[in-house]
Amino acid sequence: LHQKEIMPITEIPGGVKCITWLLVRDVIKKITKTGKEYHVLVAQDHQNKQVKVKMWGSPKFDIPRFSMWLCEATGDDKWGPSTTCWKMKPLSSMIS
């Protein structure tokens, strides 16, 4: 990941969209005021920095705790990073 210059999700600056990696520590299912489902992913990087990532949509796959993922995320200085479930890919599926 370092050679490909893919940064951890904890380092995304505000207003920037990029491909990042994350280690999911916990998944919390939530519902918006308008009834839309989303998830809060408690993610961490290689230095144990944690961040809460909003993942919009209803995934049709499991997100196990302590699993590694790649995703396209957008940074926000006020709300933190966010992504959608269809922009997340398990890192293990990309390693052969």
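A: Starting with a definition: buried means under 20% relative accessible area, exposed means over 50%, and partly exposed is in between, using a 1.4 Å probe and protein chains only. This is a predicted model, where local features need pLDDT of at least 70 and side-chain atom pairs count only at pLDDT 80 or more, while totals for chains, interfaces and linings use all residues. Residues are numbered from 1 along each chain as its sequence is written, and side-chain values use heavy atoms, with hydrogens and water left out.

Q: Cysteines, then. Is cysteine 18 buried or exposed?

A: Cysteine 18 is buried, at a relative accessible area of 17%.

Q: And how many disulfides are there?

A: The count is zero, where a disulfide is a pair of cysteine sulfur atoms within 2.5 Å. For cysteine 18, the nearest cysteine sulfur belongs to cysteine 71 and is 8.5 Å away. For cysteine 85, the nearest cysteine sulfur is again that of cysteine 71, 12 Å away. Cysteine 85 is buried, with 7% relative accessibility.

Q: Zooming out, what does the secondary structure of the chain come to?

A: Zero helices and seven strands; helices (H or I, at least four residues) and strands (E, at least two) are DSSP runs, numbered from the N terminus. Along the sequence the pattern reads β-β-β-β-β-β-β. The radius of gyration is 13 Å, close to the 12 Å that the globule rule gives for 96 residues, so the chain is as compact as a globular protein of that length. That radius is taken over C-alpha atoms, and the globule rule is 2.2 Å times the number of residues to the power 0.38.

Q: What box do the C-alpha atoms fill, and what share of the residues counts as buried?

A: The box is roughly 40 × 30 × 20 Å along the principal axes. Of the 96 residues, 38% count as buried.

Q: Which strands pair with β2?

A: Among them are β1, β3 and β5, where pairing requires that DSSP finds at least two bridges between two strands. Strand β1 (residues 7-8) runs parallel to β2, with two bridges, and methionine 7 has threonine 20 of β2 as its bridge partner. β2 and β5 are antiparallel, joined by eight bridges; leucine 23 is partnered there with methionine 68 in β5. β2 and β3 are also antiparallel with eight bridges, and lysine 30 has tyrosine 38 of β3 as its partner.

Q: What about the hairpin of β2 and β3?

A: Five residues lie between the strands, and glycine 35 takes a positive phi near 90°.

Q: On to the core. How many residues has the largest one?

A: The largest nonpolar core has 16 residues, and Ile9, Leu22 and Leu41 have the most contacts inside it. β2, β3 (37-44), β4 and β5 are the elements that give two or more residues to this core. A nonpolar core here is a set of buried Ala, Val, Leu, Ile, Met, Phe, Trp, Tyr and Cys residues joined through side-chain atoms within 4.5 Å.

Q: What does leucine 22 touch?

A: Leaving out residues up to four places away in sequence, leucine 22 touches Ile9, Leu41, Ala43, Gln44, Ser67, Met68, Trp69 and Cys71. Contact means heavy atoms within 4.5 Å. Across the chain, among contacts between residues at least 6 apart in sequence, 48% join residues at least 24 apart.

Q: How many salt bridges?

A: Four, a salt bridge being a side-chain nitrogen of Lys or Arg within 4 Å of a carboxyl oxygen of Asp or Glu. Lysine 17 pairs with glutamate 72, with the closest N and O atoms 3.8 Å apart. Lysine 17 lies in strand β2 (residues 17-31) and glutamate 72 in strand β5 (residues 67-74), so this pair ties together parts 55 residues apart in sequence.

Q: Is lysine 17 buried or exposed?

A: Lysine 17 is exposed at 52% relative accessible area, whereas glutamate 72 is partly exposed at 26%.

Q: What else does glutamate 72 meet in a salt bridge?

A: Lysine 87, at 3.3 Å from N to O. Lysine 87 sits in the loop between β6 (82-84) and β7 (88-90), 15 residues from glutamate 72.
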